[in-house]
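This note is written for a colleague who is opening the structure for the first time. Please keep the sequence and the 3D view at hand while reading the points.

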Amino acid sequence: MSSLAVKHNAINLGQGFPDFAMSEELIALVNEAMISGANQYAHMNGYLPLRETLAEKVQSLYHTIINPDTQITVTPGGTYALYTAMTTVLQPGDEVIVFEPAYDSYIPAIELNGAKAVTIELNFPDYSIDWNVVRSKLTDRTRMIVINSPHNPTGAVLSKQDIDELQAITKDTNILILSDEVYEHLIFDGLTHESILKYPALLERSFVCFSFGKVYHCTGWKMGYCISAPLLMQEFRKVHQFNCFSCDTPKQVALAHFLKRKRIIWN
């Protein structure tokens, strides 16, 4: 679809990448990091100053204290974080609830792990979730519910009422949540992003995935991160260690400096 868009000079709705130039300051910081020698492996969990800055951001935005050492792992992109989270916990025969239309990586990742995607259509025209339908789809094999807000591709945003429903449905169960929040900062019309990170009881059973690429116009860098409860993150890292192991060091160093300089935008 991207090739066809280029061929016909069309607006490309087939792939999620920004049309804006990157910050020259951020580019300069990557160059500075390379010149200063930050070119070897970063820590498997991610460059610690970057994780510390992300924890500071979470506390500022969502009033939740995150341990950067035990709860954050830097990943090569948001899609990798999503796949790794699924691979961490899914077993053959498990069921995963997915709301459609959906980001195209969800179902293949579920099926690659031997699990089954149980799809539920979002309500047109506002692409809302019918939680009564969700309840009707739950079985003793339901292992995970995948949510995505702000939503790709519709732009719909989950409300606090949605999160309350999710909490009620998963309470006293073994159901885990995979929350795709890569568009966390791309939210308009005075709406509020109801991150799972705002809800400690949900975070205890969740993997929350983010991307630097969409916000800072650097999708080609493939840089993201996952936040979870310490025990879940410990298992996540067992998969991460033998898959990617470590992410691009100079870009992590640059992002750590850049986020510290721009922290005013969190308030």
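This is a predicted model: local features need pLDDT of at least 70, side-chain atom pairs count only at pLDDT 80 or more; totals for chains, interfaces and linings use all residues.

1. Overall make-up. The chain contains 11 helices and seven strands. Its radius of gyration is 18 Å, close to the 18 Å that the globule rule gives for 267 residues, so the chain is as compact as a globular protein of that length. Along the principal axes, the C-alpha trace spans about 55 × 50 × 35 Å.

2. Burial and contacts across the chain. Of the 267 residues, 49% are buried.

3. Helix α2 covers residues 24–35 and helix α11 covers residues 249–261; their axes come within 8 Å and cross at roughly 130°. The crossing of the two helices is right-handed.

4. Residues at that contact. Helix α2 contributes Glu25, Leu26, Leu29, Val30, Ala33 and Met34. From α11 come Pro250, Lys251, Val253, Ala254, Leu255, His257, Phe258 and Arg261. Sorted by class, the contact of α2 with α11 has 10 nonpolar, one polar and three charged residues.

5. Ser179. This residue lies in strand β5. Is Ser179 buried or exposed? Its relative accessibility is 2%, and because buried means under 20%, Ser179 counts as buried. Leaving aside neighbours within four places in sequence, Ser179 is in contact with Ile147, Ile196, Phe207, Val208 and Cys209.

6. Ile187. Where is Ile187 placed? Ile187 sits in the loop between β5 (176–180) and α8 (200–203). With a relative accessibility of 21%, Ile187 counts as partly exposed, because the cut-off for a buried residue is under 20%. Not counting residues up to four places away in sequence, Ile187 touches Pro150, Val157, Thr192 and His193.

7. A distance to check in the viewer. Ile187 and Trp221 are 34 residues apart in sequence. In space, the separation of Ile187 and Trp221 is 22 Å, taken C-alpha to C-alpha.

Methods:
Residues are numbered from 1 along each chain as its sequence is written. Side-chain values use heavy atoms; hydrogens and water are left out. Helices (H or I, at least four residues) and strands (E, at least two) are DSSP runs, numbered from the N terminus. Buried means under 20% relative accessible area, exposed over 50%, partly exposed in between (1.4 Å probe, protein chains only). Contact means heavy atoms within 4.5 Å. Axes are lines fitted to C-alpha atoms, for helices over the stretch in contact, and angles run from 0 to 180 degrees between N-to-C directions. A crossing is left-handed if the near helix is turned anticlockwise from the far one by less than a right angle, and right-handed if clockwise. Ala, Val, Leu, Ile, Met, Phe, Trp, Tyr, Cys and Pro count as nonpolar, Asp, Glu, Lys and Arg as charged, and the others, Gly among them, as polar. The radius of gyration is taken over C-alpha atoms; the globule rule is 2.2 Å times the number of residues to the power 0.38.
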